[in-house]
Amino acid sequence: MDPSADFIEDVRSASRAMVRALGFMGGDFAGTDLSPSAVHALIEIEQGEGRLSARELGERLRLEKSSVSRMLRKLIDTGLVRECAAADDARVKWLAPTAQGRSRVASIHAFARAQVTGAMAQMPPQQYRMVLEGMRLYADALERSCDAGTGSAVSPPAAPITLHSGYRTGLIARITEMHALYYARQVDFGPRFEAVVAKGLANFCARPGLHEAAGPGRLWWAESRGRIVGSVAIDGEDLGPGIAHLRWFIVDDGVRGAGVGRRLLEAALAFVDERPAFRETQLWTFSGLHAARSLYEAHGFTCVEERPGDQWGQRVLEQRFMRPRP
């Protein structure tokens, strides 16, 4: 059913009010002297982690090539952005923020967080989730509508995915949810599996010293549009001295095939390799998860043990993989 004319005008009015409140109509934007497009460009470049080209930036911002070129030239001339040649192809130029650019992005994030916090303070907490879900739904619908309107068969640019480490509110619940949904579909695991994942993860996150730089373990998570879409952890304590246990490695269905799992795994293994106390890394999984096994083997893991087990409520062939220290 199509929306009524009155509803459409109400949405347009609310959109204009939001544009005015966010500062898109002129003057300082996000607490800077930059244009809105330059502010968004800086954020995308910072989140691109040195692997974003000018062409990809234009696609994400939906800007013409000439507009992107002029904007980038200003950002480079003012010392906020630098270009660097790709290691495997000098013709490819990656964009990265300078130290000054990172400082500017940090201030932009701080300004935006304060802006959101101030707005949320004007409504009761029970409405927070309603606001978030409504904005996500409308933003996604706008993207799809814009692509349909241009007649383009090309999918909209994927949202940037960033990696973080440590704890954030809701992390335990979200990682548990991803595990429960995936393994319920793959091997019909039920509440016993979900409870074990939640308990083990909660205990891990509550360990003293876990999030310190020299701690024996760490948890990484991938984020896209404010939503956790993947995780992995290194536990350096539960399997004994010298053994790093790779745990809670999961990727959300919506980003499978986008390289998120590879990035998470490489971050975890880099953490292990930087610590001489670890002589090997181990993980447990199940037979039949072919994509995961290929990824493990590509990063030096070998299956060293197989045994049937039913501790999760279904009988599966459990597998232990081991990777020696390089």
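Predicted model: local features only at pLDDT ≥ 70, side-chain atom pairs only at ≥ 80, totals over all residues.

Trainee: Why is His109 called buried?

Mentor: Buried means under 20% relative accessible area. His109 has 19% relative accessibility, so His109 counts as buried. His109 belongs to helix H5, residues 99-120.

Trainee: What makes the pair His109 and Glu46 a polar contact?

Mentor: The cut-off is a pair of N or O atoms within 3.5 Å. The side chains of His109 and Glu46 are joined at 3.5 Å, and this counts as a polar contact. Leaving aside residues up to four places away in sequence, His109 touches Ile43 and Glu46.

Trainee: How do you know that strands S5 and S6 pair?

Mentor: Pairing requires at least two bridges between the strands. S5 (residues 227-235) and S6 (residues 243-251) are joined by five bridges and run antiparallel. For Ile234, the bridge partner in S6 is Leu246.

Trainee: Why are S3 and S8 said to stand at the edges?

Mentor: The open sheet has seven strands with mixed pairing, in the order S3-S4-S5-S6-S7-S9-S8. S3 (161-165) and S8 (302-309) each have a single partner strand, so one side of each is left without a neighbour in the sheet. On average, neighbouring strands of this sheet are turned by 20 degrees against each other, direction ignored.

Trainee: Which strands does helix H10 lie across?

Mentor: Helix H10 (residues 290-298) lies across S6, S7 (280-286), S8 and S9 (316-324). Relative to S9, helix H10 runs at about 20 degrees.

How values were computed: Residues numbered from 1 in each chain as written. Heavy atoms only, no water. Helix = DSSP H or I, 4+ residues; strand = E, 2+ residues; numbered from the N terminus. Buried < 20%, exposed > 50% of the residue type's maximum accessible area, 1.4 Å probe, protein only. Polar contact = N/O pair within 3.5 Å; in protein donor to acceptor, adjacent residues only side chain to side chain. Contact = heavy atoms within 4.5 Å. Axes fitted to C-alpha atoms, helices over the stretch in contact; angles between N-to-C directions.
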